[in-house]
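The sequence and structure come first.

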Amino acid sequence: MRSEGEYQAALELIQAGVNDSEIGRRLDIPRGTIRDWRVGLLAGTGGRKGRRNGTCFRCNHGWVDEEAYAYLLGVYLGDGCLSSFPRGVYALRITCDLKYPEIINEIATHIVVVRGVDKVGFALQEGCVDVGAYWKHWPCLFPQHGPGRKHERRIWLEPWQRLIVTAHPKALIRGLIHSDGNRHINPITRHFDSGTKHYSYPRYMFKNASKDILRIFTDALDLIGIHWTRPYDRVVSIARRGDVAFLDSFVGPKR
């Protein structure tokens, strides 16, 4: 999580009318984090809390930052799980690679915005960290929870989730790529009569063992007109130059 000093500095700039991108450059904080703080501030929650008192927007038919929820849904489907505890409490855990501190921070911030209470836990593992929070209502927000691994059971979006994803497909795609995807340079070697030539180009790949989650990902790509292919059974590839540039505008390399 970002420090209180960074948070207060960002709020001062927000109140001064500075846009999110400029605040991010000045403070070296991801633009998505600044956006979440701004949304929370406009909602009257002090900035980092999506709702007062951590109420469940599904049970209380209340407001939630839908873009933040779509992102959190993406990382949950990729690398998240729910664990049950006594008295009906559940722990949401998103496993993050320690190589990507900005993603760790972004996930933690989105948990705060969606959960509505500024309490996020970090549990270090070998080479990774579990980012999460306790709440009785996580199954309300992630009805995909169930026994067994995700790829061993059916995963589908509820109608209310589809409405959110349709409105915010970029956020879902960003979350899915941050969990089970990557952007890399693909090298190609071609042999001609005149000699061997080497090429390289950037592409995005998303890998998941669940056919349902792959479909959720490709459906979101279809919503924004991105061409994709399936080079392998568990892999979706985006390689066309224009499509890669489009993804770069809201995803980019993992950091």
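An open sheet is formed by 4 strands in the order S5-S6-S8-S7, with antiparallel pairing, where two strands pair if DSSP finds at least two bridges between them. Its edge strands, S5 (181-192) and S7 (229-232), each pair on one side only. Helices (H or I, at least four residues) and strands (E, at least two) are DSSP runs, numbered from the N terminus.

The model is predicted, so that local features need pLDDT of at least 70 and side-chain atom pairs count only at pLDDT 80 or more, while totals for chains, interfaces and linings use all residues. Residues are numbered from 1 along each chain as its sequence is written, and side-chain values use heavy atoms, with hydrogens and water left out.

S7 is joined by 2 bridges to the antiparallel strand S8 (residues 235-238), and tyrosine 232 stands opposite valine 235 in S8.

| Helix | Strand | Angle |
|---|---|---|
| H9 (residues 211-223) | S8 | about 20° |
| H10 (residues 241-248) | S6 | about 45° |

Elsewhere, the axes of H4 (residues 66-79) and H8 come within 7 Å and cross at roughly 30°; H4 and H8 are therefore roughly parallel to each other, a term for angles under 35 degrees. Proline 169 lies in H8 (residues 169-180) and is buried, with a relative accessible area of 9%, where buried means under 20% (1.4 Å probe, protein chains only).

Terms used:
Buried < 20%, exposed > 50% of the residue type's maximum accessible area, 1.4 Å probe, protein only. Axes fitted to C-alpha atoms, helices over the stretch in contact; angles between N-to-C directions. Parallel < 35°, antiparallel > 145°, perpendicular 65-115°, else oblique. Contact = heavy atoms within 4.5 Å.
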